[in-house]
Amino acid sequence: MSSYFHSITLDYEKCMGCTNCIKRCPTEAIRVHDGKAHIIGERCIDCGDCIRVCPYNAKIAVTDTLDKLSEFKYKIALPGPTFYAQFKEEESVENILDAFLNIGFDDVFEVALAEEVVSFMTRHYLSTNKYKKPLISSYCPAVLRLMQIKFPDLLSQVSPFMTPREIAARIAKEEAVKRKGIPYEDIGAFAISLCPAKVTEMTQPTGIKNSAVDGVINMSLVYKDILKQLAKNHKKEKNKNLQKATGLGMSWGYITGEAKALNYGSILAVCGIHNVVSLLEEIERGELRDVDFLELRACTGGCVGGPLSIQNPFVGRVKLKYFVEKYRAKTPYYQEKDMLDFYQQGRFFSTEPILPRPVMMLDEDVSKALLKMERLDKITNELPGLDCGACGAPSCRALAEDVIRGLAVDTDCIFKLRERVQTLAEEVLDLARKMPPAMVSNSSKAKGKKKEKVNE
Amino acid sequence: MNHPDKEADSKPQFKLEFKIGEKDFSVAGEAASKVKKTLQQLGLRPEEVRNIAIIVYEAVMNVIIHATHGELEVIIVPEKVVVLTEDTGMGIPDLEMAMKEGYSTATHEVREMGFGAGMGLPNIKQCSHKLNIKSQVGVGTVLEAIVYLSSKD
C-alpha cells in the first residue's frame, strides 16, 4: 500500500505544525507529529482541501514541469475550460490556443471538445436505461478516490466512460499520427490544469490500464508565457482551425456545466468534498432513486475552484461563463453521427473495474477487528472528547484508532498526560511522606508532643 | 435482550447504542453513518455494509415517525449483525399491511417532509436475512433484523 501515489505533499520548511489541515481532511489522512504534518499516503484522495486551508502555504501539489516536454518530439497541449477562465473577457479562445504554439507546443487540443463527446455518449447511455440510478459522473478523480475509500458499494454506479482529458489525449494523438505521420510514441500529451488529483489520475488511472496523458502541467507554469504571447501577437492573423469546442463543452469547467451539457432527465450537481460526502451517504441509503445522473466535484464551484487556482472560484465561474456564451452558437465540430460512432466503437469506455480500497479497515479478520473495535471504543471513551487536535490527530476517535494501529500512545493526549502526571505526583508525594520505620517521622513527633500535652 | 447460549458471550462482540427522541429526524442519518463507518472498519463487505446501513436508517425512521421515543442497538459478532429497535409508541395494528410496499400510516405532516412513503419495513425486509417484529398496540414495537455475514475468501 505504501507505493500508492498521491500528488499532494508537504513543504517541510513552511509547515508550522498547526492543526488546520488535520481538521479539514475528509478521509482523516493527515497527522501532526514532531511539529510537522504528515500525510498518510494511501488515504489521500488529492481533493486539495488542505492546500486551501493551510495558512502557511505548506501544502503543495506535485505536478509535471515543462522539462517533461523534452521527452517527446511532438508535444500537444490539452488546456481545459478552466484555463480560459484565467483570461479577460475581451480575449478569444482562438488567441489563447494559438499562443500555445509559440511557447514550445506543436499542437493544441481542447479538452472541452472531448467533454462534448462525453456528454453525447452519456446521454445515449442513459437513454438505454441499462444502469442503476443514479449514474455517477466519472469526471472528478478526487470524488472517485473518495468513493474507493468511503463508498465502495457505489463504485458500480460510476459512469462507464473515460474522462474527457483521457479522450482528448487519445483523439489528439491519433490525429497527429494520421495527419503528420508521427510515430505514436513520439507524441506527448500534456494537460494544463488546476487539479492535483489529475496528476494522480494520470499516474494511477481508475477505469483504464494506462493513461494517454503524459504530463499534467500546473497552469501557473504556462500562464505568464501565454499572457506575453497574447500581448505580443494581438494583431496577427490567427490559425482559426485550432478552436473547435462549443460553449457547452466549455461549461464543464464550473459546477452544473456537465449537467447543462448532458441535458437529460433529472440531474443533481453537487460541489465541495464535504457536500459530496453527505450526498453520497444519502445515495448509499437508497435515497434519490429517481435522479438519473450525479455531477459531483470535489472543489467548491467545480473545476474553476481547483486547488491550484489563483482566483476565487466564483470569479472564475463568471469569467468562464463569458466564454461559454460567446461560443454557445458555434457549429459543433463533431456531428451526432461521429459521436455515435465513437460510442458504438466502444473506444472510450473504461476497460477496468474501479476497485474499493478499504484503507480504514482495522483487521482483515472480523474476529480480530471486533476485539480491536472494543479496545478502540474503550480508549475513545477515556479520552476527553474535545477533538482539540493537540495530539496531532483530527479527533479523539482518530487518536484512539492510531493507538490501536500502534501509531500513537494515549498520553499523546495532553489531558491524558496531565492525568498521568497528576497520579504520578500524588504517588511521589505519598512516597515522600513515608519514613523508614526506625526513624521518627515529623508527624509522629507532633503526635508525641500532643500526647505529652494531654498527659500534662 | 437475553442471550441464552453462553458461547455467544465468549465470542468477540461489539455493540453500538443510540437513543431516539420524538421527531428527532437527524438521528437516523447520524446512526446510519456511524454504523456504516464502524462496519467498514470491521472489514465487512460493501454490500453488507450498505444493507445494514439501510436497515438502521429505516428502523430508526420508523421509531421517529411512529413512536414517542425508543432505542437502537446494533450488535456485531463475527457471523452476524443484529439491528434492534425498541420503542414506546402506538404499535403496529396490522403488521401484514405494514409490510406492504406503499402502505403507510404516517401523518400528513411527516409526508410533507418527504418521509412516510410506506417503504420502511419492506426495505428492511429486503435488506435482512431474518426479521422479527413484536408489536403491541398502544404500547410499542420491538424490531429485530439479522444480517448473516459471509465469510471472506
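Reader: Where does Asp46(A) lie?

Author: Asp46(A) is in the loop between E3 and helix H2 (49-53) of chain A. Keep in mind that this is a predicted model.

Reader: Thanks! What is phi of Asp46(A) near?

Author: Phi is near 60 degrees there, so Asp46(A) has a positive value in a residue other than glycine. Most residues other than glycine have a negative phi.

Reader: And is Asp46(A) buried or exposed?

Author: Asp46(A) is buried: 26 other C-beta atoms lie within 10 Å, and the cut-off for buried is 20 or more.

Reader: Nice. What about Asp34(A), where is that found?

Author: Asp34(A) sits in the loop between strand E2 (30-33) and strand E3 (36-39) of chain A. Its phi is near 50 degrees, again a positive value in a residue other than glycine.

Reader: Buried or exposed, for Asp34(A)?

Author: Exposed, because Asp34(A) has 7 C-beta neighbours inside 10 Å, and 12 or fewer counts as exposed.

Reader: Switching to peptide bonds: which one is cis?

Author: The bond from Lys133(A) to Pro134(A) is cis, and its omega is near -15 degrees. Pro134(A) belongs to the loop between helix H5 (111-128) and strand E7 (135-136) of chain A.

Reader: Over to chain B. What is the strand order in the open sheet of five strands?

Author: The order is E1-E2-E3-E5-E4 (chain B), with antiparallel pairing. Strand E1 (14-20) and strand E4 (130-136) of chain B are at the edges with a single partner strand each, so one side of each has no neighbour in the sheet. From one strand to the next, the twist averages 10 degrees.

Reader: How many bridges join E3 to E5 in chain B?

Author: Nine bridges join strand E3 (residues 80-89) of chain B to strand E5 (residues 140-148) of chain B, and the two run antiparallel. Val81(B), for instance, has Val147(B) in E5(B) as its bridge partner.

Reader: Which helix lies across E1 and E2 there?

Author: That is helix H2 (residues 26-41) of chain B, which lies across E1 and strand E2 (67-77) of chain B and runs at about 170 degrees to E1(B).

Reader: Last topic: how many residues does each chain bring to the contact?

Author: Chain A brings 20 residues and chain B brings 21 residues. On the side of chain A that touches chain B, the elements that give two or more residues are helix H12 (273-284) and helix H15 (366-382) of chain A. H15(A) gives the most, with seven residues.

Reader: And how do the residues on that side of chain A divide?

Author: They divide into 11 nonpolar, two polar and seven charged.

Notes: Residues are numbered from 1 along each chain as its sequence is written. Chains are lettered from A and ligands numbered from 1 in the order in which they are written. This is a predicted model: local features need pLDDT of at least 70, side-chain atom pairs count only at pLDDT 80 or more; totals for chains, interfaces and linings use all residues. Two residues are in contact if their C-beta atoms, placed from the backbone, lie within 7 Å. Helices (H or I, at least four residues) and strands (E, at least two) are DSSP runs, numbered from the N terminus. Ala, Val, Leu, Ile, Met, Phe, Trp, Tyr, Cys and Pro count as nonpolar, Asp, Glu, Lys and Arg as charged, and the others, Gly among them, as polar. Two strands pair if DSSP finds at least two bridges between them. Axes are lines fitted to C-alpha atoms, for helices over the stretch in contact, and angles run from 0 to 180 degrees between N-to-C directions.
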